[in-house]
Amino acid sequence: MSKEIPEFVRVPASTVRDEMVTYSVRYGAKNFIETGTHYGDTCCHMAATKYFENIFSVELSKTCCDFLEKDFPRLTKSIGVDVSKVRFWKGDSANLLPEMISLVDDRCIFWLDAHISGGVTVCAEDYETPIMTELNIISSHSIKDHVIIIDDIKGCFDSHPAWPDIDEVIAAIKSINPDYLITIKYGILFAEVPNSAPKPLHNGIPNGPITVLEHKK
Ligand SMILES: C[S@@+](CC[C@H](N)C(=O)[O-])C[C@H]1O[C@@H](n2cnc3c(N)ncnc32)[C@H](O)[C@@H]1O
């Protein structure tokens, strides 16, 4: 039986990208790893922040890969974005994510967005979304508190045979670390381990009215 599909409030792509940067800063994650590059818009956005040390992305569509090789460097240069930290892989994320993740030994923010979505986009022959394989690859990494963000989670609510059930996705994330906090908003799943944030953002400022009153005494 299919689950009730929540009503997702949609926000512009730029809002989601900004929110991903906020997560990166909160968790000190300086590696951005994306599956499903499309034309590299999110990579360009992340490069423009100058925050990340590595921005890795993998794309399966030949048309997109040709664009990324020939046009992406010229176009990003024309708008003044330094993309020297961006590196693209051509192929299926299910095969290439292990290599990408092996190059980092620090916390990452994963933007899992590899699926067919019209136009020049494609999907692998045997599956529409590699999401469960990707989560499995992330689970074998030594770091157990990466920030994991999954786009288009709606597919996991409507019993579509090509997509895993949402319960299966949540179980896979919790099996990496039971402390994952999972939030779904804008049709996107955000998974974070709150107690892994490197330092409180309040930087020593008392964090509530009672503490403030105590300080006044
Ligand atoms: C929704 S688009 C990605 C948008 C992009 N992440 C962004 O934020 O601008 C999904 C992309 O995933 C690609 N894709 C589909 N299956 C894939 C796979 N198994 N491995 C890598 N890329 C894949 C599609 O060709 C498509 O370009």
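**Close-up views of a predicted model**

**View 1. E99 in this predicted model is partly exposed, with 13 other C-beta atoms within 10 Å.** Between E99 and W89, which are ten residues apart in sequence, the distance from C-alpha to C-alpha is 9.7 Å. As with every view in this set, the coordinates come from a predicted model.

**View 2. Seven strands make up an open sheet with mixed pairing.** Across the sheet the strands follow the order β3-β2-β1-β4-β5-β7-β6. The edges are taken by β3 (86-90) and β6 (181-185), each of which has a single partner strand, so that one side of each is left without a neighbour in the sheet. On average, and with direction ignored, neighbouring strands of the sheet are turned by 15° against each other. Strands of a sheet pair through backbone hydrogen bonds, and they may do so in parallel or antiparallel fashion. Helix α1 (residues 13-26) lies across β1, β4 (108-112), β5 (147-150) and β7, and runs at about 155° to β4. In the protein as a whole there are eight helices and seven strands.

**View 3. Strand β1 is largely enclosed by the rest of the structure, because five of its five residues are buried.** N31, I33 and T35 point one way from the strand, whereas F32 and E34 point the other way, and all are buried. Strands β1 and β2 run parallel and are joined by five bridges. Within this pair, T35 stands opposite V58 of β2.

View 4. The bridge partner of I184 in β7 is L189. Y186 is found in the loop between β6 and β7, and its phi is near 55°, a positive value in a residue other than glycine. Y186 counts as partly exposed, because 16 C-beta neighbours lie inside 10 Å.

**View 5. Helix α7 (residues 166-176) has V169, I173 and I176 among its buried residues.** These residues cover an arc of only 50° around the axis, which means that they lie on the same side of α7. An α-helix has 3.6 residues a turn, so residues three or four places apart point the same way. On the other side of α7, D167, A171 and S175 are exposed. The buried residues of this helix pack against α6 (131-139), β5, β6 and β7.

**View 6. The shell around the ligand holds 24 residues, of which G36, H38, T42, A114 and T121 come nearest.** The elements that give two or more residues to this shell are β1 (31-35), α2 (41-49), β2 (54-59) and α5 (93-102). By type, the residues of the shell divide into ten nonpolar, nine polar and five charged.

**View 7. K50 lies in the loop between α2 and β2.** Although K50 is not a glycine, its phi is positive, at about 60°.

**View 8. C123 has its place in the loop between β4 and α6.** With 18 C-beta neighbours inside 10 Å, C123 counts as partly exposed. If neighbours within four places in sequence are left aside, C123 is in contact with H115, I116 and E128. C123 and D92 are 31 residues apart along the chain, and their C-alpha atoms are separated by 8.4 Å. For the protein as a whole, among contacts between residues at least 6 apart in sequence, 71% join residues at least 24 apart. Of the 217 residues of the protein, 32% count as buried.

Note on methods. Residues are numbered from 1 along each chain as its sequence is written. This is a predicted model: local features need pLDDT of at least 70, side-chain atom pairs count only at pLDDT 80 or more; totals for chains, interfaces and linings use all residues. A residue is near a molecule or strand if its C-beta atom, placed from the backbone, lies within 6 Å of it. Helices (H or I, at least four residues) and strands (E, at least two) are DSSP runs, numbered from the N terminus. Ala, Val, Leu, Ile, Met, Phe, Trp, Tyr, Cys and Pro count as nonpolar, Asp, Glu, Lys and Arg as charged, and the others, Gly among them, as polar. Two strands pair if DSSP finds at least two bridges between them. Axes are lines fitted to C-alpha atoms, for helices over the stretch in contact, and angles run from 0 to 180 degrees between N-to-C directions. Two residues are in contact if their C-beta atoms, placed from the backbone, lie within 7 Å. A residue is buried if 20 or more other C-beta atoms lie within 10 Å of its own, exposed if 12 or fewer, and partly exposed in between; C-beta atoms are placed from the backbone. The arc is that of the directions from the helix axis to the C-beta atoms.
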